[in-house]
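User: I have a model open and would like to talk it through. Can you take me around it?
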Amino acid sequence: MSTPTEVDTPPVEQRLGFMPEAGVGTPLAVGAFGFSVLMLGIPNSGLITAGAAGVFPAVAFGTGAFGLLIGGLMEFRANNVFGGSFALFYSAFLLTTALMLRFLAVEMEAGAFAAAFGTWLLLWCVFTFMLSWGAWYINMPAFLAFALLAVGYLFFGLANFVDSPGTATVLSTVGGWVLIVDGLVAWYLGWGLAVNTMVGNKVPLWPHPYRAR
């Protein structure tokens, strides 16, 4: 009596879909954010005429918010919760700020807008300091980018509450210089993340844990 032969069942092919490596959207996000920060910081620092800050809403919307949105969605798709959250939060910040400066600044009474906008920036100062704690466990440029951004928010937020125009100018000028440094750090981080996979980690990013370095 013959015994039935076992037929090998072919393995079920699983479709994994689009699963990029973690961090694939971060270079785009932080690079786009760096452009926005620099285009706000440079005019306020006094390096060029302060009126040049009028282009910031367009840069914030067209470059910053757009780049952060795409980068953040890619990070969430890669299950990078911190990277995706950071990028989409600040995409929303830049979009909202651009709308505030473009429309509400001319429609609201000056004192009311200053109070509202200053509160908006100080809220983001606190939130950014909270995120900087998480960035500490990534690498040093990421931590510095968040910490400097929080300091910049603080100076610009306070500038909206002081009564003295001279004091407000000083706060805005200092905030402008802080944002210049922050933008350059963001550019460095985005540059390093983008090219290190090709050049073999030759751009130092000083990852955590720092004591082991």
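**Contacts, rings and surface**

Analyst: Start at serine 172, which touches Asn44, Phe156 and Ala159, leaving aside residues up to four places away in sequence. Contact means heavy atoms within 4.5 Å. This is a predicted model: local features need pLDDT of at least 70, side-chain atom pairs count only at pLDDT 80 or more, and totals for chains, interfaces and linings use all residues. Residues are numbered from 1 along each chain as its sequence is written, and side-chain values use heavy atoms, with hydrogens and water left out.

User: Which helix is serine 172 in? And is serine 172 buried or exposed?
Analyst: Serine 172 sits in helix H6 (residues 165-199). Helices (H or I, at least four residues) and strands (E, at least two) are DSSP runs, numbered from the N terminus. Serine 172 is buried, because its relative accessible area is 17%. Buried means under 20%, exposed over 50%, and partly exposed in between (1.4 Å probe, protein chains only).

User: OK, zoom out. How many helices and strands are in the chain?
Analyst: The chain has 6 helices and 0 strands. Along the sequence the pattern reads α-α-α-α-α-α. Of its 213 residues, 39% count as buried.

User: What share of contacts join residues at least 24 apart?
Analyst: 68%, among contacts in the chain between residues at least 6 apart in sequence.

User: Now alanine 135. What does alanine 135 touch?
Analyst: Phe82, Ala142, Phe143, Phe146 and Tyr210, not counting residues up to four places away in sequence. Alanine 135 lies in helix H4. Alanine 135 is buried, because its relative accessible area is 0%.

User: How far apart are alanine 135 and alanine 147 in space?
Analyst: 9.1 Å, C-alpha to C-alpha. In sequence, alanine 135 and alanine 147 are 12 residues apart.

User: On to the rings. How many aromatic pairs does the structure hold?
Analyst: 18 aromatic pairs. Rings of Phe, Tyr and Trp (its six-membered ring) pair if their centres lie within 6.5 Å; planes under 30 degrees apart count as stacked, over 60 as edge-to-face and the rest as tilted. Take phenylalanine 93 and tyrosine 153: their ring centres are 5.1 Å apart and their planes are at 75 degrees, so this pair is edge-to-face.

User: Which parts does that pair tie together?
Analyst: Phenylalanine 93 is in helix H3 and tyrosine 153 in helix H5 (residues 140-159), so the pair ties together parts 60 residues apart in sequence. Both phenylalanine 93 and tyrosine 153 are buried. Then there are tryptophan 120 and tryptophan 124: ring centres 5.7 Å apart, planes at 70 degrees, so edge-to-face.

User: Where are those tryptophans?
Analyst: In helix H4 (residues 110-135). Tryptophan 120 and tryptophan 124 are about one helical turn apart, because 4 residues separate them. Both tryptophan 120 and tryptophan 124 are buried. Ring pairs link a cluster that includes Phe93, Trp120, Trp124 and Tyr153.

User: Which helix gives the most to the patch?
Analyst: Helix H3 (residues 81-107), with 4 residues. Phenylalanine 103 is in helix H3. Phenylalanine 103 counts as partly exposed because its relative accessible area is 40%.

User: What lies over the face of phenylalanine 103?
Analyst: Arginine 102, at 5.2 Å from the ring centre. A charge sits over a ring if NZ of Lys or CZ of Arg is within 6 Å of the ring centre and within 35 degrees of the ring normal.
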